[in-house]
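Dear colleague,

I am handing over the structure below, and after it you will find an account of what was found in it. Please read the account with the structure open beside you.

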Amino acid sequence: MTEEGIASDLEQLDPDMHVASLFVPAARRPSVVALFLLVLELERIATQVSEPMVAQIRYAWWREQVDAIYAGRPVAAPIAVKLREAVVAHGLPRGPLDVMIDAHSLDCDQAPFADMAAFEAYCRDTQGSLMRLVVRVLGADDAADPVCDEAGLALGAALQLRAFDFWRRHRRLRLPLDLFLRAGVGEEDVFAGQADRPVAQGLAVVQQRIREALKAVNRSRFPRAAMPALAMATLARPVMAPGFDLRAPREPTRFARVALLALANLLWRV
């Protein structure tokens with residue numbers, strides 16, 4: 001797979017990630033694109049595979065690919081090949097990759113997040129782990145990990161809000177269950193559309209946590225080289241807009257999303 005080919009794949013699969021990659025120095029961009037494509041592969045498993053056991057086999061296969069990469073054994077899948085090149089070129093640590101795969105394996109779990117702590121851990125383990133890897137490609141070290149966690153939390157939580165109704169229609173609750181139990185309603189009430197007030201209250205709680213995470217990123221000190229990775233957290237801002245509706249989320253135009261990413265990179269703020 002050529003560099004142009006993987007960039008084209010990314011543009012087709014996730015225009016936001018494609019735009020984010022354009023702010024990465026050209027020499028480092030193929031490695032970032034490889035990490036983005038890996039994440040998209042992990043995310044798609046839950047939406048493409050209806051049988052949980054089959055999904056877990058796919059996650060196990062990716063764990064085996066990571067094993068092979070770090071053991072110096074050959075890999076064959078194009079994304080795995082590009083991932084190996086990124087690992088070798090930038091000395092990427094294995095930990096965030098393992099954490100990210102394990103966290104995404106929960107995407108096929110019918111059980112909801114028990115509480116806000118579990119919800120935040122998932123967001124950090126998925127989007128935060130991705131950012132930890134990308135900032136290392138960009139030349140930052142583990143000193144940037146705490147800000148990656150906050151940026152990943154903001155973006156991960158926003159992605160869950162945007163996908164709330166999709167998962168609700170598939171009878172999965174992707175917000176902390178305890179937010180609903182406190183209001184005296186359960187999963188079945190949410191699936192049936194009979195929990196409007198608790199849903200709105202849950203939305204407000206998560207929105208506030210996103211707001212706090214973005215503020216934490218903007219207060220942090222980190223190498224400027226890390227900004228193209230952290231800037232992705234600015235894509236969480238649309239879910240905090242007045243009138244955001246979990247049942248019918250309006251996606252900003254592509255121009256608006258490009259503008260958000262450009263401003264974040266230019267102003268060094270999310």
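**What was found**

Glutamate 120 is found in helix α7, where helices (H or I, at least four residues) and strands (E, at least two) are DSSP runs numbered from the N terminus. Before going further, please note that this is a predicted model, in which local features need pLDDT of at least 70 and side-chain atom pairs count only at pLDDT 80 or more, while totals for chains, interfaces and linings use all residues. Residues are numbered from 1 along each chain as its sequence is written, and side-chain values use heavy atoms, with hydrogens and water left out.

Glutamate 120 counts as buried because its relative accessibility is 13%; buried means under 20% relative accessible area, exposed over 50%, and partly exposed in between (1.4 Å probe, protein chains only). If its neighbours within four places in sequence are left aside, glutamate 120 is in contact with Leu153 and Arg209, contact meaning heavy atoms within 4.5 Å.

Next comes a pair of helices. Helix α4 (residues 52-71) and helix α6 (residues 95-104) pack at an angle of about 175°, and their axes are 10 Å apart; axes are lines fitted to C-alpha atoms, for helices over the stretch in contact, and angles run from 0 to 180 degrees between N-to-C directions. That angle makes α4 roughly antiparallel to α6, since angles over 145 degrees count as roughly antiparallel, those under 35 as roughly parallel, those from 65 to 115 as roughly perpendicular and the rest as oblique. On the α4 side the contact is made by Tyr59, Trp62, Arg63, Val66 and Tyr70, and on the α6 side by Leu97, Asp98, Ile101, Asp102 and His104. These contact residues divide into 6 nonpolar, 1 polar and 3 charged, where Ala, Val, Leu, Ile, Met, Phe, Trp, Tyr, Cys and Pro count as nonpolar, Asp, Glu, Lys and Arg as charged, and the others, Gly among them, as polar.

The largest pocket holds about 770 Å³ of space, a volume being the space filled by probe spheres set on the grid points, which are joined across faces, edges and corners. This pocket is lined by 28 residues, of which Asp14, Leu40, Glu43, Leu159 and Ala163 are the closest to its centre. Its lining divides into 13 nonpolar, 6 polar and 9 charged residues.

The structure also holds 1 cavity of 30 Å³ or more, and the largest cavity has a volume of about 70 Å³. Among the residues lining the largest cavity are Arg162, Val239 and Phe244, and the lining divides into 6 nonpolar, no polar and 4 charged residues. Valine 239 has its place in the loop between α13 (227-230) and α14 (254-267), and it is buried, with a relative accessible area of 1%.

Finally, arginine 171 has a phi near 60°, a positive value in a residue other than glycine, and is partly exposed, with a relative accessible area of 42%.

With best wishes

Conventions
On a 1 Å grid over the protein atoms alone, a cavity is a set of points where a 1.4 Å probe fits but cannot get out, and a pocket is an open set with protein on both sides within 12 Å along at least five of seven lines; lining residues have an atom within 4 Å of a point.
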